[in-house]
Every structure is written in structure tokens, then in C-alpha cells.
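Please look over the sheet and the helix contacts of the model shown below, and read the notes that follow alongside it.

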Amino acid sequence: MKDKKIALVTGANKGIGFETARQLAALGITVLLGARDAAKGEAAASRLRAENLDVRPIIIDVNDPESIKRAAARVEKEFGRLDILINNAAVMLDDGKKKVSEQSLETWRRTFDTNVFGLIATTQTFLPLLRKSESGRIVNLSSILGSITLHSTPGSPIYDFKVPAYNVSKSAVNAYTAQLAYELRDSNIKVNAAHPGWVKTDLGGEGAVMEIPDGAKTSVELALIGEDGPNGAYLHLGERLPW
Ligand SMILES: NC(=O)c1ccc[n+]([C@@H]2O[C@H](COP(=O)([O-])OP(=O)(O)OC[C@H]3O[C@@H](n4cnc5c(N)ncnc54)[C@H](OP(=O)(O)O)[C@@H]3O)[C@@H](O)[C@H]2O)c1
């Protein structure tokens, strides 16, 4: 099974990440199911193994550089490369009762630590292993809530949805995606930003409209794009979103 692709999904013990792991493994890919909590990761991976899928838990807390390094060392030792990195882990910590100007700096910092700096740290640590792949793919989970264009367009579907620390963290994910895509433009690696849809998960909350299996589709699509696929794009189910 030397030719099986190897994928790592961060924050995959539940929600969209868990379903992304399931869908990638169902396509014959070996999936490393990332979780910051060992017990949750093991429980999630064994649920998928019970479906006869090749899913292995791996501890990775994107806020802990040592845990990212340990995970990369294990992937290097076991597989010598990584083909797909799905930067899925994220938090939404804004206080819904507070205005944009009132969110605490603590909330801004904690949000950026996970959603932006954690994503960058994970990407930097795994990039040498992705460079060893014939066709590396990085999928950064963004959100339509990261669209500055839509946030500044009265009447857009998200105009009134101001959870600022989360929203701005996803704008930063988009911006980082464009910067990294530039560096990787002549390499075998493609990096794109995904909006999964408004999905019924703990983070999506009440009112979300999409079922989780559909919410994983954009991540899976972008993980599998071919050589002619996009690099540095911001997409939802194949459609480009305004930055
Ligand atoms: N749901 C939506 O409607 C929606 C819309 C747009 C974008 N997104 C994006 O889609 C992605 C997945 O969201 P979701 O709805 O599936 O959220 P979720 O159900 O809340 O799952 C988030 C996952 O991230 C993990 N995580 C949080 N902090 C972490 C850290 N420091 N290190 C490692 N893992 C960490 C969580 O682990 P624990 O269980 O340990 O907390 C959990 O596994 C996120 O990037 C989110 O921003 C979601």
C-alpha cells in the first residue's frame, strides 16, 4: 500500500474535521485524525476504524508547538511525507452580548492564537513533509465570515453577523493563504481557503443550515484537486467567494 495518500486533519475529533477524516478515508486515504485530547482522538478514530477505515489518532494541539513537532516527527518516521494537510481546528470565542468595540483583548488574542498562529505553526512544521509529496495539498478552513467584501456590503448574507475576533481571524487565514500560495506557486503544493458552509456543529450553533456530511465536501474537494486546480483561492463547493 505504498501509494496510499497520507492526510492529516487537525481538530478532527468532532464536527467537520471528523467527517472530513471519514470522507477522505472512505476514498482509500490513510488519515491521521488530529485531536488535542488523546482520549477524544482515540474514541473518534475507533469509531471510524469500526467502519473499516484506515484512520489513526494523532495528538496535535495547534497552540502547543511541541505537540505539533512531535506529530510531525511521528509522520516523518512512519510515512516519510505528508500529502494532505487540512488545517481545520478553530475556536469561536466572541461574546455575543458585546459590541465589536467591546470584545476583550483576551478574546482577540486567544482566537488568533488558535485560528491564525496555530494554523501557521502547523503549516510551517509540516511544510517540509508536504514538499516530499508528489502533490501536496493544504486546505485552510476559513469561513464566509472572513470575507471583508461581504462584511462591508450592506444586505450581504453576513453583513449583520459581527463576531469580530473570529471573523477577523478568518480574514487573516485568507490573507495568509494568498501569501503562502505565492511562495508555493511553482512547487507541487497547492494551498487554498475553504468555506464549509453554515454547518450544524458545536461551532456552527443553532440555526445552522447544512448537515455535517455536506459541510465536509469543500475540504475534501480541495484536498483532492489535480495539477490544474486552483492555488490561493477562497472557495465554497467549487464557487469562488469575494475576499
Ligand atoms: N460550523 C460552521 O458553520 C463553520 C462555518 C465556517 C467555517 N467553519 C470552520 O470549520 C472548521 C471546523 O469547525 P466545526 O464547526 O467542525 O467546529 P467544532 O465542531 O467546534 O470543532 C472544532 C475542532 O477544533 C478543535 N480545536 C480547537 N482548538 C484546538 C487546538 N488548540 N488544537 C487542536 N484542535 C483544536 C476542537 O477540539 P476540542 O473538541 O478538543 O475542543 C474540535 O475538534 C473551523 O475552522 C471553523 O472555523 C465552520
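Which residue in strand 2 is the bridge partner of leucine 8? The bridge partner of leucine 8 there is leucine 32. This is a predicted model, in which local features need pLDDT of at least 70, side-chain atom pairs count only at pLDDT 80 or more, and totals for chains, interfaces and linings use all residues. Residues are numbered from 1 along each chain as its sequence is written, and side-chain values use heavy atoms, with hydrogens and water left out.

**The sheet**

Helices (H or I, at least four residues) and strands (E, at least two) are DSSP runs, numbered from the N terminus. Eight strands form an open sheet in the order 3-2-1-4-5-6-7-8, with mixed pairing, where two strands pair if DSSP finds at least two bridges between them. Strand 3 (55-59) and strand 8 (239-240) stand at the edges with a single partner strand each, so one side of each is left without a neighbour in the sheet.

Strand 1 pairs with strand 2 in the parallel sense over four bridges, and strand 5 (residues 137-141) pairs with strand 6 (residues 190-194), also in the parallel sense, over five bridges. Within the latter pair, isoleucine 138 stands opposite valine 191 in strand 6.

In a regular strand the side chains alternate between the two faces of the sheet. In strand 1 (residues 6-9), Ile6 and Leu8 point one way while Ala7 and Val9 point the other way, and all are buried, meaning under 20% relative accessible area with a 1.4 Å probe and protein chains only.

**The helix contacts**

Axes are lines fitted to C-alpha atoms, for helices over the stretch in contact, and angles run from 0 to 180 degrees between N-to-C directions. Two helix pairs are set out here.

| Helix pair | Axes | Angle |
|---|---|---|
| Helix 1 (residues 15-26) and helix 2 | 11 Å apart | about 35 degrees |
| Helix 4 (residues 105-130) and helix 6 (residues 164-183) | within 9 Å | roughly 20 degrees |

Helix 4 and helix 6 are therefore roughly parallel to each other, a term for angles under 35 degrees. Residues of helix 4 that meet helix 6 include Trp108, Phe112 and Leu119, and those on the helix 6 side include Tyr166, Val173 and Leu180, contact meaning heavy atoms within 4.5 Å.

In the other pair, Phe18, Ala21 and Arg22 in helix 1 meet Ala44, Arg47 and Leu48 in helix 2. Helix 2 (residues 38-49) also lies across strand 2 (30-35) and strand 3, running at about 170 degrees to strand 3.

Definitions and conventions
Angles under 35 degrees count as roughly parallel, over 145 as roughly antiparallel, 65 to 115 as roughly perpendicular and the rest as oblique. Buried means under 20% relative accessible area, exposed over 50%, partly exposed in between (1.4 Å probe, protein chains only).
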